[in-house]
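I opened my notebook with the ligand in mind, and then went on to salt bridges and backbone geometry. Here is what I looked up, entry by entry.

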Amino acid sequence: MSLFQSIEQIKEQFSKEISGEFDFEQLKVKYLGRKGLVAGLFQQMGGLTSDERPKAGKLLNELKLELTSEIEKLAVDSSVTDESTADSFDYTMPGDPQPVGAIHPLTQVLEEIKSIFNRLGFSVAYGPEVDTDFYNFEALNIPKHHPARDMQDTFYVKKDVVLRTHTSNSQIHNMLKHDPPVKIIAPGRVYRNEDISVRSYCLFHQIEGLYVDKNVTMGDLKGVLDYFAKELYGKDVKTRFRPSYFPFTEPSAEMDVSCIFCKGKGCNICKYAGWLEILGCGMVDPEVFKSVGYDPEKWTGYAFGLGIERIAMLKYGVEDIRLFYEGDIRFLRQF
Ligand code: DAH
């Protein structure tokens with residue numbers, strides 16, 4: 001077979017081979033390798049006449065270029081095929097969603113309340129959850145055997161040491177540590193030995209507020225709490241103050257907001273009253289000032305206390321307080 005025939009034969013062989021299954025690397029070595037078919041033909045040029053040689057050289061170079069470009073094309077194609085068959089992972093697809101934690105609804109409400117009072121110049125203070133009878137009762141004008149103690153069923157740790165029944169103990173801690181003026185809110189957990197039900201739990205959360213300065217009036221208290229209610233529930237909300245009784249404030253009041261569900265028209269949540277009670281408040285009783293060494297002739301102040309669960313239940317329409325503590329992901333995911 002002449003060299004010219006061999007060239008044609010190799011071309012044919014090559015196209016036949018690539019139309020079927022082939023191993024790309026082997027193909028490359030077989031045709032273009034140092035000892036490959038094309039190189040073999042170049043070697044045969046030695047046996048040609050000097051007339052034939054330039055033509056053969058040209059044809060062989062063309063063959064080599066042709067095969068090289070074919071093989072390069074195959075290289076590109078095969079890399080595409082490889083990805084879509086053997087390794088079909090698409091790196092541009094979004095990943096599987098990973099569950100992320102969320103902020104507990106009570107914490108969300110707490111943060112919102114803190115931020116409202118921060119804007120009014122209140123700073124945040126804390127008192128202990130395990131406290132003495134003095135801070136939780138005595139200094140707040142609730143002496144032993146005072147009937148007001150019955151309002152709060154207390155967990156005793158030992159004699160004169162209690163799980164605090166309200167955040168009002170923070171008032172005393174703060175006033176004993178700082179001279180007036182004082183302007184704080186004190187959030188935290190409180191404990192009561194109550195039957196567990198839809199409405200009450202053995203622990204819950206409160207925020208205490210305390211402002212002591214010269215010439216503080218009930219008008220200041222009403223202004224601040226009205227602003228708070230409107231920030232929390234919206235500008236259309238109305239507030240009203242009803243006389244009440246707490247041993248540590250005189251006079252004392254409870255603040256209601258117009259029902260946020262029926263806008264005051266009356267519904268089963270506000271029990272057709274049109275109003276919802278949200279907090280207790282009043283002017284700091286002079287007896288409390290005396291127990292922390294503030295001069296009641298010189299200093300005046302107001303205090304308030306609200307339950308975070310109650311606020312959150314009204315805000316989100318949660319009907320069972322226990323849901324806040326169960327950690328049920330189906331409940332928590334809704335916030
Ligand atoms: N400590 C009261 C309670 O737990 C709430 C309260 C009422 C706090 C009136 C206050 C206040 O500071 O002035 O029921």
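In which pocket does the ligand sit? I checked, and the ligand sits in the largest pocket. I noted at the start that this is a predicted model, so everything below is read from predicted coordinates.

**Entry 1: around the ligand**

I went through the shell next and found 16 residues surrounding the ligand. His 166, Ser 168, Arg 192, Gln 206 and Glu 208 are the closest of them. Sorted by class, the shell holds nine polar, five nonpolar and two charged residues.

Which elements give two or more residues to the shell around the ligand? I listed strand S6 (203–213), strand S9 (275–284) and strand S10 (300–307).

**Entry 2: polar atoms facing the ligand**

I then looked up three side chains one by one. For Glu 208, a polar side-chain atom lies 2.6 Å from an oxygen atom of the ligand. For Gln 206, I read 2.9 Å between a polar side-chain atom and an oxygen atom of the ligand.

How much of the ligand does the protein bury? Taken alone, the ligand exposes 350 Å², and the protein buries 91% of that.

**Entry 3: salt bridges**

I turned to charge pairs here. Side chains of opposite charge can pair when their charged atoms come close. With a cut-off of 4 Å between the side-chain nitrogen and the carboxyl oxygen, my count came to 20 salt bridges.

I picked one to follow up: Glu 8 and Lys 11 meet through their side chains, at 3.9 Å from N to O. That value is within 4 Å, so the pair counts as a salt bridge. Where do Glu 8 and Lys 11 lie? Both are in helix H1 (residues 3–19), three residues apart, which is about one turn of the helix.

**Entry 4: backbone geometry**

The bond from Pro 180 to Pro 181 is cis, with omega near 0°. I placed Pro 181 in the loop between helix H7 (169–177) and strand S5 (182–191).

The bond from Glu 250 to Pro 251 is also cis, with omega near -5°. Pro 251 lies in strand S8 (residues 249–258).

Finally, I noted Asn 215, a residue other than glycine with a positive phi, near 60°. I found Asn 215 in the loop between S6 and helix H8 (218–233).

Key: Residues are numbered from 1 along each chain as its sequence is written. This is a predicted model: local features need pLDDT of at least 70, side-chain atom pairs count only at pLDDT 80 or more; totals for chains, interfaces and linings use all residues. Side-chain values use heavy atoms; hydrogens and water are left out. A residue is near a molecule or strand if one of its heavy atoms lies within 4 Å of it. A polar contact is a pair of N or O atoms within 3.5 Å; within protein, one must be able to donate a hydrogen and the other to accept it, and residues adjacent in sequence count only if both atoms are side-chain atoms. Accessible areas come from the Shrake-Rupley method with a 1.4 Å probe; for residues, only the protein chains shown count as cover. On a 1 Å grid over the protein atoms alone, a cavity is a set of points where a 1.4 Å probe fits but cannot get out, and a pocket is an open set with protein on both sides within 12 Å along at least five of seven lines; lining residues have an atom within 4 Å of a point. A molecule sits in a cavity or pocket if more than half of its atoms lie within 2 Å of its grid points. Helices (H or I, at least four residues) and strands (E, at least two) are DSSP runs, numbered from the N terminus. Ala, Val, Leu, Ile, Met, Phe, Trp, Tyr, Cys and Pro count as nonpolar, Asp, Glu, Lys and Arg as charged, and the others, Gly among them, as polar.
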